[in-house]
Amino acid sequence: MIRAMLVAAAITMPLATLPAQTHLVIVAGLGGEARYRDMFHGWALELIDAATERYGVPAENVTYLGESVTRDTVRIAARATVENIERTLTDLAMRAAPKAQVMMVLIGHGSARDGEPKINLPGPDLTAAHLARLLDAFPTQTIVVANLASASGDFIPALSGPRRAIITATKSGRERNQARFGKFFVDAFAGGQADVDHDEIVSLLEAFTYARREVARTYSQEGTLLAEHALLDDNGDKTGSYEPDPTTTDGALARTIALGYREAGPSARDPELMALYEKKRVIEQAIAALQRDKGRLDATAYEQQLEAMLLDLAATNKTIRDREDGTP
Amino acid sequence: MIRRARPLTGVVLGLAVSGCGSRGHAQATLAQADSLARVGEYRAAIEAYRGLSRRESSWQATRMLASSLQAIGDYAGADQALRSAIEDSVPDAHQLWSALGEVLTRQGRNAEAREAFERAVAGGAADRLSAEVNLAIASVGRGELDAATRQFDAFIDVYNRGAARTAADVAAVARAVRYLGRTDPQLYKDALRAYDEAVALDPLDFDLQVEIGNLFLEKYRSDEATTSFNAILERNPNHADAILGLARVKHFDGSSEAFALVQRSLGINPNLVGARVFLARLYIDLEDFASAASEAERALAVNPRAVDALAMWAAARYLAHDSAGFAQARDSALGIDPRNAAFFNTLAELAARNRLYQRAVDFAGEAVRLDSLAWRGYALRGLNRLRTGAIAEGRRDLETAFTGDPYDLWTKNTLDLLDVVGQYVEVRSPRFQLVLDPKEAELVRLYLEPLAEEAYDSLAARYGVRPLAPIRVEVYPRHADFSVRTIGLAGLGALGVSFGPVIAMDAPSARPPGEFHWGATFWHELAHTFHMTASGHRVPRWFTEGLAVLEERRARPGWGDDVTPGFLIAFREGQLAPVSNLNQGFMRPAYPEQVIYSYYQSSLVFELIEQEYGFGAVRQMLAAYRDGVETPDVFRTVLRVEPTAFDQTFTSFLETRFASALAALRHGTGDHAAPGREGIGRRVSSDTTDFVAQLGLGRTLFAEGRLEEALVPLRRAKALFPEYLGSNSPRWFLGQVYLAQGQLDQAAAELIDLTTRNAKHYPALQALAEIEAERGNPERAAGALESLMFVYPYDIARHRTLADHARAVGARTIELRERRAVLALDPVDRPQALYQLARAYRDVGDRGAARRTVLEALEQAPNYQDALDLLLELQATRGRRTE
């Protein structure tokens with residue numbers, strides 16, 4: 001795990017911009033039935049475990065507001081009421097560093113009656129507009145809101161803005177069936193299958209893409225029409241993308257966000273290691289440049305050059321590993 | 001499209017003029033006779049007309065008398081009545097010439113008919129336009145198509161001048177324009193408008209309305225045709241032509257009601273040539289060529305110059321291998337009408353229905369050679385060229401057909417389909433050309449390609465023939481596309497079809513998971529290809545279907561149909577067709593399930609033959625069909641048994657083979673679903689040998705979670721009917737009970753027992769794979785997953801698992817295939833799938849592919865450490881080799 005955190009960024013995900021501090025707030029609303037209560041609680045725990053154990057988020061940076069505190073007095077900080085959400089976010093706004101990353105995950109059933117998107121909570125429901133006001137308390141931080149509830153699509157126009165990545169399990173308030181997206185979104189972080197560039201960090205974009213595609217796959221396997229369409233908005237235009245493209249629509253911010261910390265890199269006391277990291281960075285940039293030129297190059301020449309660079313990268317990585325492991 | 005005919009206005013059939021004076025009395029009697037004729041009381045009407053004509057000598061009454069006589073098939077009587085009136089010089093007798101011409105035409109006395117029509121025209125009869133159009137139609141019947149076209153053209157002027165004033169005149173125009181429709185398909189709409197106008201002028205002319213129904217049917221609108229025929233039959237239930245029209249509609253719609261309807265039609269008019277011809281066609285569908293020929297002969301006895309009857313007779317003789325009879329019929333037909341494309345179209349159509357697709361191409365080619373405007377000929381040649389694999393030529397024909405007949409939905413659908421297929425990819429293997437949807441080609445080919453090659457070798461060894469390669473296999477992810485490829489329309493219930501050199505089938509994705517064993521379906525269809533090759537495409541339907549099902553069972557353990565309670569109960573109740581008449585079970589089923597039962601039944605026939613005579617006998621039977629021997633003689637010459645004696649032997653075979661199951665089903669109705677808690681309890685306590693009750697109780701207890709109690713009735717049910725392997729098999733429930741109890745060994749044993757006999761049981765295969773993995777038997781788990789791929793290969797997780805199991809047991813080739821399958825299913829983590837594939841390539845020694853694949857993985861994820869390590873390893877190996 002340690003080594004994973006030391007792996008430098010891949011060209012497809014400039015993780016160099018990752019903030020040094022992540023706060024995670026999980027809100028699990030009303031389940032309605034036992035099976036949903038169990039499911040929502042299970043998702044929350046899985047995500048907390050992944051954040052703290054896999055991605056190194058300090059336990060004190062995690063707040064879990066659940067449907068009932070008695071269900072798990074150790075993990076659940078307070079009941080998932082509007083009042084407690086307000087309190088949690090107000091408190092967090094005061095202590096979060098200016099460049100911190102605040103990730104809020106909403107789990108439960110949503111609705112959009114009378115054009116007012118909301119998530120069902122014990123007591124009054126939390127509306128998108130109310131949440132938007134609460135998030136105004138984070139003027140410099142990077143904000144992630146992942147609303148995994150049904151009928152959540154209309155949260156995007158309400159919450160969209162600069163430095164914000166908003167994910168919803170559905171494209172609108174009309175997709176009212178229990179959304180499958182949440183399970184796969186949690187799996188993406190907990191299981192690691194979403195790490196498609198194998199840099200051993202799951203970016204928000206990877207998690208979204210993984211969950212969206214897995215949802216589509218389950219519907220396809222059942223031979224039924226896709227009944228939920230998750231969206232991601234991170235360019236502040238109040239419009240979510242089902243298939244985000246960082247170069248044209250959404251995804252540019254989400255690919256820089258991960259659940260957790262990234263270690264600082266090589267120790268400054270080991271200049272040789274620093275040099276190796278620098279060499280690695282240069283090779284990665286060269287590979288990226290080569291890929292940009294792919295269309296202009298002869299296929300064989302491209303492949304040969306790519307292979308040479310990758311072999312160089314492989315050898316460099318190996319040297320780094322050996323040095324870090326203390327292997328002579 | 002052709003618009004719908006206007007609804008008929010109210011028709012008053014009652015006697016409205018009683019109580020009038022003497023003249024009024026005569027009119028009332030005529031009206032009474034007319035009424036009787038119009039409601040189909042022909043014999044009473046004839047009597048009334050005869051009485052009337054004697055008293056009044058009215059030419060109208062004579063014509064109506066002749067019409068009623070014709071309606072019951074007494075053409076000689078009609079002829080005599082008309083001639084007598086003409087000879088007796090009744091007033092305005094010249095008005096009867098046209099009617100006489102029609103009666104003579106029905107009997108094939110064409111020269112006399114022509115003379116009669118000419119006299120009607122010359123005499124200035126009120127219906128001379130009808131006579132003129134009949135003369136033009138007679139020109140068509142002599143092959144004088146250009147002359148006929150000129151004659152028909154003249155009717156447009158007649159109409160435009162306003163010279164067509166009566167219903168008969170306008171109907172004559174409608175007929176002429178209808179004939180002209182072949183030169184301009186838009187004219188069919190004008191014909192229909194004219195027919196509508198004629199009906200408005202005389203709503204009681206049902207013959208006219210029959211023509212409208214026939215026009216609708218000719219233009220593929222069976223719904224509109226049905227409306228037309230039913231409207232007539234509501235008023236005249238004995239209108240033989242309308243009943244025949246309805247029979248044709250039913251046939252068009254694929255309903256077996258056609259047979260009863262045409263019989264009903266012939267019951268009214270036994271000399272209705274069209275009905276005899278149609279009945280002959282139905283017999284050909286049943287592959288009963290002798291009866292077809294007999295019906296055609298009866299038609300020809302009425303009208304020896306009926307080319308459609310000659311076509312049917314020719315087809316029956318051709319299909320019965322009577323080349324001399326066929327040649328005689330062909331020469332007769334061409335002697336009557338040297339440009340009769342319809343004769344060859346009929347032959348093409350019937351040849352295709354009997355799997356002689358190349359002959360259908362040839363016959364249709366003759367049709368278009370004789371008549372370049374024979375659009376149906378182009379359509380038939382095009383469709384059958386597609387069936388023989390000549391795709392480009394077939395498409396050209398269909399495009400030609402569509403320009404001339406844009407109403408042909410089959411042609412349109414097929415052309416649309418060809419646009420879809422044009423996007424498909426073609427994959428070649430030594431003996432096959434696989435045509436696959438690009439979205440799933442990479443996946444499907446992984447399984448289909450080796451299966452196809454294996455099946456070819458296996459079947460070639462069994463049958464001793466080698467169909468010409470490449471065999472084209474088209475695989476359709478949309479069932480509707482497969483259906484159009486097969487019959488030109490959506491809605492076909494089948495899963496696959498073999499035309500010999502071309503096979504089309506549903507892709508595994510065309511059906512919900514677990515509903516369709518595509519591997520067995522392919523094997524089945526390829527078996528047909530071998531049967532057609534071995535028999536020169538002369539194998540009967542029942543024979544090739546049964547044999548193909550048997551081949552499924554021979555392909556792999558658990559493939560092919562199994563016995564069901566419904567089948568055995570149908571057998572016990574005498575509802576299965578005898579072997580000597582098994583084609584009926586396929587072509588004219590007496591009840592909906594009979595087709596399915598007939599598949600299984602005929603497969604058992606071949607099990608018996610193989611068991612008693614050896615498989616060589618099957619090969620000899622196919623050769624006998626090739627040589628033109630009919631089924632009864634095939635049994636006599638090859639098996640040396642009378643067909644009826646074989647029926648007995650087969651019955652005994654079933655009784656012995658399923659003795660235990662038949663006894664256990666003696667209470668059952670075939671419905672093996674749980675018959676209710678109380679009923680089950682009674683039945684179980686009263687008889688422990690009642691399979692339905694035992695299974696029902698076991699299922700109920702299982703559903704209630706009373707697992708231990710469920711075991712006893714489930715075990716009993718299994719012992720009572722061990723051959724039952726369906727979705728609700730006792731084995732399946734036993735397996736689930738054991739699984740729920742944590743008895744994995746016993747659960748595995750039940751599910752192995754079940755899936756090795758029924759490899760279509762998708763949930764059982766899934767469960768077995770998981771149980772075996774849990775028991776630490778990756779090889780067996782892999783076996784279950786391998787079977788599962790022939791049912792539903794789209795579950796990416798199962799491919800990963802199978803690849804892992806294969807890797808664990810060192811099955812490198814299977815692992816490689818499965819890694820490719822994962823990649824084909826577009827995994828989220830594509831770099832990982834590529835890396836694992838690269839590793840699999842390395843393991844089978846294909847280092848070049850391994851290098852290319854790992855580079856592809858790293859192109860997407862350059863810091864993927866495992867992939868980088870593999871690249872280094874491959875580089876090191878290459879370096880060592882270079883050294």
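This is a predicted model: local features need pLDDT of at least 70, side-chain atom pairs count only at pLDDT 80 or more; totals for chains, interfaces and linings use all residues.
Residues are numbered from 1 along each chain as its sequence is written, and chains are lettered from A in the order in which they are written.

Chain A is divided into domain 1 (2-256) and domain 2 (271-325), with bounds that come from an automatic or database domain assignment. The C-alpha centres of domain 1 of chain A and domain 2 of chain A lie 34 Å apart.

The contact between chain A and chain B takes 26 residues from chain A and 23 residues from chain B, two residues being in contact if their C-beta atoms, placed from the backbone, lie within 7 Å. On the side of chain A that touches chain B, helix H7 (204-222), helix H8 (271-292) and helix H9 (299-325) each supply at least two residues, and H9(A) gives the most, with eight residues; helices are DSSP runs (H or I, at least four residues) numbered from the N terminus.

Chain B is divided into five domains, including domain 1 (340-422) and domain 2 (423-537), and the centres of these two domains, taken over C-alpha atoms, are separated by 22 Å. Their contact draws 14 residues from domain 1 of chain B and 16 residues from domain 2 of chain B. Within the side of domain 1 of chain B that touches domain 2 of chain B, helix H23 (residues 409-421) of chain B provides the largest share, seven residues.
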